[in-house]
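Please read this briefing next to the sequence and the coordinates. It is grouped by topic.

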Amino acid sequence: MARNLRSRIADINNHRPKVHIFASEIEESTVAQAQDTAKLPFVYPHVALMPDAHTGLGSSVGTVFGTIGAVIPAAVGVDIGCGMIGVRTQFRAADLEGKELTKLRDAIIRAIPLSPGKYNRWQLEPSADERCRELDALARENDVNLKHSPNWRQQLGSLGGGNHFIELCLDEEDMVWMFLHSGSRGVGNKIARAHIDIAQANMVKWWVPLPNPDLAYFVEGTPEFDSYLRDLHWAQHFAFLNREEMMDRFSRCLAAFMGQAVVEQQRINCHHNYTVKEHHFGRDVWLTRKGAIRADEGALALIPGSMGTASYVVEGKGFAPALNSAPHGAGRRYSRTEARRRFTEADLAARMEGIVYRPGDAWVDEIPDAYKDIDQVMADSKELVEIKHKLRQVLNVKGT
C-alpha cells in the first residue's frame, strides 16, 4: 500500500472522525466509500472498516456502522444473512488415514445442490420440510410476500456459487471440523434487490442528494422501512436455517463415510451480512455489518480464509471502536476478472496440492492469491478477537 494512503489512514484514525480503519492493506476506493457513508447525517457513531475491507456495491465489504432512524438496504447487500457454520466432531486426523476423501467429496456433491440456480429437485427431506414450515409460518406472521420466489423451499439446503464452500478441516489438535459458508440464496437476493430499487426510487422522488445511489435509505416509521425490516429478518433466518440444513446433510455424509455417527462437540452458526438493533456509544442504533461478524466479548464466531488457506474459530473481545465487530474472511485483493487474467488452472492446482477439491477452470477466480493474506488479516484483528482454533482444509467443495 502506498505511503500516502498509510498516512491518510493514520490521520483518519488518530483524529477519530466518523471513519475508523483496522486494515493494514486497503484500497483508496474503499476508504472513499467509507467516507461517503460517514457523510450521511444519521450514521452513528462512526464507520468501522474491518481488516479485510475491500470495495463493494454502495458500501465496501467489511464495513460496519450504526444508523439512527434509517437503514440502507444496499449496505447490507444482496446476500442477506450470508455467514458461516462450523462443527467440531469427535474424529481425529488419524481416523481419516487410508480413506479416499474423493468419495466423501462426491457424496457431498450428491447430497447438497451446488452453484447458482441449483436447487433441490426431489422431495424435501424431513429436516428441510420442518424448517420450511417454520419459515412459512414466519412469513405469514410478518406478512412477508414471497411471490417473487415460488421455489424458495427448494432452495433451502443449497450452497450457491462465488466464495461459498463446504470443507472438511483439521484444527491444531488434529480434530476434524465440518465447515461451510453460504447465505439466503436466490430468495434473499430477490428480497434485497426489490427493496434497493424502492429505496433508490424514493430518493429520486423526494430529491434527496446522495454521494452514491447505492446509499439510498428507508426512514424509520415509514411503511417501506417496516416492510424491509420484516423481509430482512425473514431472509436472515432463511440463511441461518439453510446453513443448518446443509450441515446436517454434510454430517450424514461424513457419518456414512466414517462408518459411525458424528458426535458434535461444538456447533457455531453466525451471520456476516445483516442489520440488527444494538446499543453503541450510549445510543440504540441499527447496526449494519456488511462482511463482518459480531464480536461481543465472549461471543464465538468463524473467520474463513480462501480455498487452500487457514480459517479461524474466534472469540470476540467486544472492542468498542470496532463496534464489537471483526472481519468475515480474507477479503478480495483482485476482482474475479483480474484474477482470471493473472492466474491459471495450473496455478490453482499447485496452490491446492494436498487438498482434495473439484479441479477445473471454474474456480480459478477463487485461487488464494486473489485474496488478502488471512494471517495478516488476523494480525490486524488482535484487538477485536482471540483465536481459539486454526483450521486447515483437507477437503474443499465449491459451487461455480
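This is a predicted model: local features need pLDDT of at least 70, side-chain atom pairs count only at pLDDT 80 or more; totals for chains, interfaces and linings use all residues.

Residues are numbered from 1 along each chain as its sequence is written, and side-chain values use heavy atoms, with hydrogens and water left out.

**Largest pocket**

- The largest pocket holds about 1,000 Å³ of space; a pocket is an open set of points on a 1 Å grid over the protein atoms alone, with protein on both sides within 12 Å along at least five of seven lines.
- A volume is the space filled by probe spheres set on the points, and grid points are joined across faces, edges and corners.
- The pocket is lined by 46 residues, of which Val61, Asp79, Asn163, His164 and Arg336 are the closest to its centre; a lining residue has an atom within 4 Å of a point.
- Strand S6 (165-170), helix H8 (185-205) and strand S16 (385-398) each give at least two residues to this lining, and H8 has the largest share with 3 residues.
- Helices (H or I, at least four residues) and strands (E, at least two) are DSSP runs numbered from the N terminus.
- The pocket lining divides into 13 nonpolar, 23 polar and 10 charged residues; Ala, Val, Leu, Ile, Met, Phe, Trp, Tyr, Cys and Pro count as nonpolar, Asp, Glu, Lys and Arg as charged, and the others, Gly among them, as polar.

**Largest cavity**

- The whole structure contains 1 cavity of 30 Å³ or more, where a cavity is a set of grid points at which a 1.4 Å probe fits but cannot get out.
- The volume of the largest cavity is about 40 Å³.
- Its lining consists of Ser24, Glu25, Pro51, Lys372, Asp373, Gln376, Val377 and Asp380.
- Helix H12 (residues 374-380) provides the largest share of that lining, 3 residues.
- By class, the cavity lining has 2 nonpolar, 2 polar and 4 charged residues.

**His328**

- His328 sits in the loop between strand S15 (325-327) and helix H10 (336-342).
- His328 counts as buried because its relative accessibility is 12%; buried means under 20% relative accessible area, exposed over 50%, and partly exposed in between (1.4 Å probe, protein chains only).
- The side chains of His328 and Asp52 make a polar contact at 2.6 Å; such a contact is a pair of N or O atoms within 3.5 Å, where within protein one must be able to donate a hydrogen and the other to accept it, and residues adjacent in sequence count only if both atoms are side-chain atoms.
- A polar atom of the His328 side chain also lies 3.2 Å from the backbone oxygen of Gly291.
- Apart from neighbours within four places in sequence, His328 has contacts that include Val61, His272, Ile293 and Pro304; contact means heavy atoms within 4.5 Å.

- Trp234 belongs to helix H9 (residues 223-258) and is buried, with a relative accessible area of 0%.
- The side chain of Trp234 reaches the backbone oxygen of Leu135 at 2.9 Å.
- Residues up to four places away in sequence aside, Trp234 touches Leu135, Leu138, Ala139, Val144, Leu146, Trp152, Val187 and Ile191.
- Gly157 lies in the loop between helix H7 (152-155) and S6, and is buried with a relative accessible area of 0%.
- Beyond its neighbours within four places in sequence, Gly157 is in contact with Ile112, Pro113, Asn120, Asn242, Glu245, Met246 and Arg249.

**Helix H2**

- In helix H2 (residues 28-38), the buried residues are Thr30, Val31, Gln33, Ala34, Thr37 and Ala38.
- These buried residues fall within an arc of 160 degrees seen down the axis of H2, so they line one face of the helix; the arc is that of the directions from the helix axis to the C-beta atoms.

**Backbone features**

- Tyr44 and Pro45 are joined by a cis peptide bond, with omega about -5 degrees; Pro45 is in strand S2 (residues 43-54).
- Asp174, in the loop between S6 and strand S7 (175-182), is a residue other than glycine with a positive phi, near 65 degrees.
- Asp174 is partly exposed, with a relative accessible area of 30%.
- Phe281, in the loop between strand S10 (273-280) and strand S11 (283-290), also has a positive phi, near 50 degrees, and is partly exposed at a relative accessible area of 41%.
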